[in-house]
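Colleague: I'm new to reading protein models. Could you walk me through some features, giving the general idea and then the case here?

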Amino acid sequence: MSPAARRVRAARAWAGQGAVRRCAARARRALAAALALSCAAAQGAAQEGRFAAGSQAASWGLAGEEKARFEARVTDILCELTGDCPPDCGGGRRQLGLVRTADGALIAAAKNAQPVFSGAVADLAPYCGQVIEVDGLMVGADPRDPTRVFMVQRIRAPGAAEFAPANRFTRAWDEAHPALARLPGPWFRKDPRILSRIARDGWLGLGPAADADFLARWFE
């Protein structure tokens with residue numbers, strides 16, 4: 001092949017590669033735009049309910065989620081239901097709830113704002129017995145279901161001008177377990193309570209013998 005022909009062939013190859021690169025760049029931009037639209041749609045997916053006025057809660061795409069912002073008294077749920085009321089709402093060992101000021105409803109505060117499989121006790125415990133303002137999501141498949149739970153995303157303490165994020169769980173866990181906090185891995189892989197429960201009940205919750213039988217059947 002003559003030098004001129006080789007130059008033409010190289011130019012065509014380079015042009016082809018450029019077209020491929022441009023096509024790939026367009027595809028990346030289109031994918032990014034689609035993801036952005038998807039995220040924007042998800043952020044706006046939460047329903048507007050009775051207590052949604054003024055809420056800035058972010059959607060998590062959960063079943064039946066509904067924005068809710070309201071004032072409520074922080075309480076120990078077991079205390080509220082049975083009269084068994086240890087000091088400080090159980091000192092972090094009880095599930096906490098919210099007695100909504102507007103209608104007296106007792107609401108289980110089952111989650112905080114962190115995506116780390118954590119509850120809201122660490123965020124609410126400092127306000128035991130106090131009336132605070134919360135902002136978050138009511139979650140449940142049917143808005144009429146009385147067993148729906150609340151995801152606390154923001155808290156405004158009595159007298160505070162601004163809301164604070166409900167994200168104390170991992171900070172409180174690190175403070176309670178400083179040696180474990182320095183080890184790699186997420187908190188729930190290291191938590192002594194979880195590890196002791198697995199040792200007692202197995203990964204399936206049916207006991208170590210059930211775990212051994214399951215592993216033998218499916219993985220050996």
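Modeller: Happy to. Let's begin with contact, which means heavy atoms within 4.5 Å. With that rule, and leaving out residues up to four places away in sequence, R100 touches F51, F70, E71, A72, A105 and I107. Before we go on, two notes on the source: this is a predicted model, where local features need pLDDT of at least 70 and side-chain atom pairs count only at pLDDT 80 or more, while totals for chains, interfaces and linings use all residues. Residues are numbered from 1 along each chain as its sequence is written, and side-chain values use heavy atoms, with hydrogens and water left out.

Colleague: Where does R100 lie among the strands?

Modeller: Helices (H or I, at least four residues) and strands (E, at least two) are DSSP runs, numbered from the N terminus. R100 lies in strand β3, which covers residues 96-100.

Colleague: Is R100 buried or exposed?

Modeller: Here you need the cut-offs: buried means under 20% relative accessible area, exposed means over 50%, and partly exposed is in between (1.4 Å probe, protein chains only). R100 has a relative accessible area of 10%, so it counts as buried. D103, at 34% relative accessibility, is partly exposed.

Colleague: What joins the side chains of R100 and D103?

Modeller: A polar contact of 2.9 Å. That term stands for a pair of N or O atoms within 3.5 Å; within protein, one must be able to donate a hydrogen and the other to accept it, and residues adjacent in sequence count only if both atoms are side-chain atoms. The two side chains also meet in a salt bridge, at 2.9 Å from N to O.

Colleague: How should I read a salt bridge?

Modeller: In general, side chains of opposite charge can pair when their charged atoms come close. The rule used is a side-chain nitrogen of Lys or Arg within 4 Å of a carboxyl oxygen of Asp or Glu. Searching the whole structure gives 11 salt bridges. R100 and D103 also belong to a network of salt bridges, linked together with R50.

Colleague: Which residue forms a salt bridge with R156?

Modeller: That's E133, with the closest N and O atoms 2.7 Å apart. This pair links distant parts of the chain: R156 sits in strand β6 and E133 in strand β5, 23 residues apart. R156 is partly exposed because its relative accessible area is 21%, whereas E133 is buried, at 14%.

Colleague: And why are R217 and D213 separated by about one helical turn?

Modeller: Because they are 4 residues apart in helix α7. R217 has a relative accessible area of 63%, so it is exposed; D213, at 40%, is partly exposed.

Colleague: Back to the strands. How do I see which ones go together?

Modeller: Two strands pair if DSSP finds at least two bridges between them. Take strand β6 (residues 149-156), where 6 of the 8 residues are buried. β5 and β6 run antiparallel and are joined by 7 bridges, with V134 standing opposite I155 in β6. Strand β4 (residues 106-111) runs parallel to β6, with 3 bridges between them, and there A108 stands opposite V149. Strand β7 (residues 164-165) is antiparallel to β6, joined by 2 bridges; in β7, A164 is the bridge partner of I155.

Colleague: Which side chain makes a polar contact with that of D135?

Modeller: The side chain of R154, at 2.7 Å. D135 is in strand β5, residues 131-139, and counts as buried because its relative accessible area is 0%. Among the residues that D135 touches are S55, A68, V152 and F163.

Colleague: Last one: which residues make the nonpolar surface patch?

Modeller: Patches are made of residues with over 30% relative accessible area and no salt bridge: like charges are joined within 9 Å, and nonpolar side chains (Val, Leu, Ile, Met, Phe, Trp, Tyr) within 5 Å. The areas come from the Shrake-Rupley method with a 1.4 Å probe; for residues, only the protein chains shown count as cover. Here W203, L204, L206, F214, L215, W218 and F219 make a patch of about 890 Å². F219 is in helix α7, residues 208-219, and counts as exposed because its relative accessibility is 61%.
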